[in-house]
Amino acid sequence: MTARVRSALRTLWRLLREWSGDAAYDTYAARVGKGERVSREAFYLDSLRRRYQSGQPNRCC
Amino acid sequence: MNRLLSSLAWLAVAFVGAGALGAIALWRGEPVNGVFFVVGAACTYLVAYRFYSAFLAARVLSLDATRATPAERLDDGRDFVPTNRWVVLGHHFAAIAGPGPLVGPTLAAQFGYLPGTLWLVAGAVLGGGVQDFVILFFSLRRDGRSLGQIARDEVGRRAGFLAMISVLAIMVILLAVVALVVVNALKHSPWGAFTLAMTIPIAMLMGLYMRFWRPGRVMEASAIGFVLILLAVVAGQWVALSPDWAPVFTLTGPALATAVIVYGFAASAVPVWLLLAPRDYLSAFIKVGVVLALAAGIVFVRPTIQMPALTRFVDGSGPVFAGTIFPFCFITIACGAISGFHALISSGTTPKLLTRESDARLVGYGSMLMESFVGVMAMVAACALEPGVYFAINSPAGIVGATAEQAATTISGWGFPLDPATMHQLARSVGEETLLNRTGGAPSLAVGMAHIFSGTIGGERLLGIWYHFAIMFEALFILTVLDAGTRVGRFMVQELLGRVFPRMARTGSWTSTLLASGLIVGAWGYFLYQGVLDPLGGINSLWPLFGIANQILASLALVVATTILLKTGRTRYVWVTLLPMAWLVTVTLTGSWQKVFHENPRIGFLAQASALEQQIADGRVPEAKIADTRRVVFNNRLDAVVTGFLALLILALLLEAALHWYRILAGRGAGALSESPYVRTKWVEGSP
């Protein structure tokens, strides 16, 4: 029972990190490998640029 | 056996839902409990999701789980990222749910609780959910292309251009009206103004944290920001009580409007990492948290609904805004029932994240039902107030008077008893000087939410804290919409002007950026300022204008969806988009016509302009007020022109689409379909 609860909490935490964007760099790093990886800071700034400078609304009324 | 049990369970859900909705629709004479709203809405959503969205997915759209999505085919770890469907649902919901589903139902409560609640539930199930789902699906099949691009590819170049113009128009009006909601909520409120002002340095601190100290650590920064925001809410009470600091944060409507305009300009020009992004993260967390807390609070407190099912204002004489139920209830509540703006989000980031086509049902249809549920909760919070208190807060001084005594006399005369002492006591208990004439919906919603929250934690003692927490919650994400919307509007202006002056299209150029920012801020700032000066409170003019613009965008999205259904030979299912589209076109054109030409000066812009001109000509306007009155006359005529322009936009689009539909149905060629070719998903056998 405790193990199940712990597993559910871990899943919830993972989903929360993914939803908030906290895990974005980890996901990216896992995908591209060490070779061409940009720094965490550069990745963060680039993700903001893509999100807010696309000319597409990303927040509704 | 399982099938039988499942059928019985769904029948039970349907009966419980029908029973709850039947109770709120038919019960008269004794108060209804707010839980009936929650149960009725939730059961309807469950049945609609289980059956109607399944029908849309299987029969109308034929979702194909074996087809690779853009996130899989174009996976770059940045824009296109296969993401867990619950995470995408959270992203999409946080993006579509803004102030609209909170403010619209609060304003529409003046008709009574019934019309707005039924429209919220039916509109979302049959209109909003369908629009969001089909546009998300069509964008998914087109590499995540935007609504404007899909309109251009599938209907024609003119449709694409009309889509762009209408998006820009809605953006300007949206930003003006949400800014007006903030101004009306914070004027003469040092506690609220201080709390909101503090969100700026808090967001900047978070921005610095995520930029330099712990790059990209969103959750750490948001936790710090949340604690600081709570401290700011508590500290606001000390500021309001301080004889030195209270005057600094006690601002008039025009002063606050100027501050918001200056802020909007500055925020659109500073780097996103410093202000916009951290505020966005914080507001997303608080938004989701408060919505969940409100749902739990309603179930825990089980508030009694004080507002009648229908009020006398169904005849169009309402003090909050003028106009009859049809069309104005359906324009006032856009977000929460059907909102064209959602089509922009459904064809934006979301389709680039979906792992499977089948996830579009949960994300597109499901998140719209969640937003509708937020609207129903806002309706409960507003209708749980004494109707007299509700009307005293939401009615402009020009209608109910500027003192508690005048308001009590007027509102009691309408059949909603109100004691002036009640208003004084309520204002004192939430730490405000007055709650009278706080048009815009946010303060009355905050009072309703504060009652629900204080009924759960803290009791009357914490009413002031909860009220200002609710105001901060609303204002925080309104400012996020303002920041983000101004920035997007700036890019659109640069793109439009760049067609004529190529140098304007350079987004990296400071001259171009400042000019475009100035144009977009000037446009919404003008409408905001006219709303602040409006003797009828501004909301009466601007909110219907916003509703019309938003529903016109929804009509456009449904026109595009109908065209694609026809082009792909799904003619027998075309009613799923055609019927909501026909309804919206009828509503928006009727609303536009009435807002321009209605003979009642409180409804028709031209009638109000003529009435005011007549007052000047008759010498009934004091000398000192003539210049202001002439400005109101001009603004009314400008509003009439804008409304007429929006109506012409949708008529032009309908004409364009109708010709296209005729060609398809007459077999004269459907035109090419811009769908991406089929690629089999690698995840068809197991999960990623």
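Modeller: Let's start with chain A: its radius of gyration is 16 Å, whereas a compact globule of 61 residues would be near 10 Å (taken over C-alpha atoms; the globule rule is 2.2 Å times the number of residues to the power 0.38). This is a predicted model, in which local features need pLDDT of at least 70 and side-chain atom pairs 80 or more, while totals for chains, interfaces and linings use all residues. Residues are numbered from 1 along each chain as its sequence is written, chains are lettered from A and ligands numbered from 1 in written order, and side-chain values use heavy atoms, without hydrogens or water.

The C-alpha trace of chain A spans about 50 × 40 × 15 Å along its principal axes. Chain A holds three helices and zero strands (DSSP runs of H or I, at least four residues, and of E, at least two, numbered from the N terminus), so its elements read α-α-α from the N terminus.

Now for the close look, in chain B. Helix 5 of chain B (residues 100-108) and helix 16 of chain B (residues 359-383) have axes that come within 8 Å and cross at roughly 40° (lines fitted to C-alpha atoms over the stretch in contact, with angles from 0 to 180 degrees between N-to-C directions). That is why helix 5 of chain B counts as oblique to helix 16 of chain B (under 35 degrees is roughly parallel, over 145 roughly antiparallel, 65 to 115 roughly perpendicular, the rest oblique). From helix 5 of chain B, the contact (heavy atoms within 4.5 Å) uses B:P101, B:L102, B:P105 and B:T106. Helix 16 of chain B meets them with B:E371, B:V374, B:G375, B:A378, B:M379 and B:A382.
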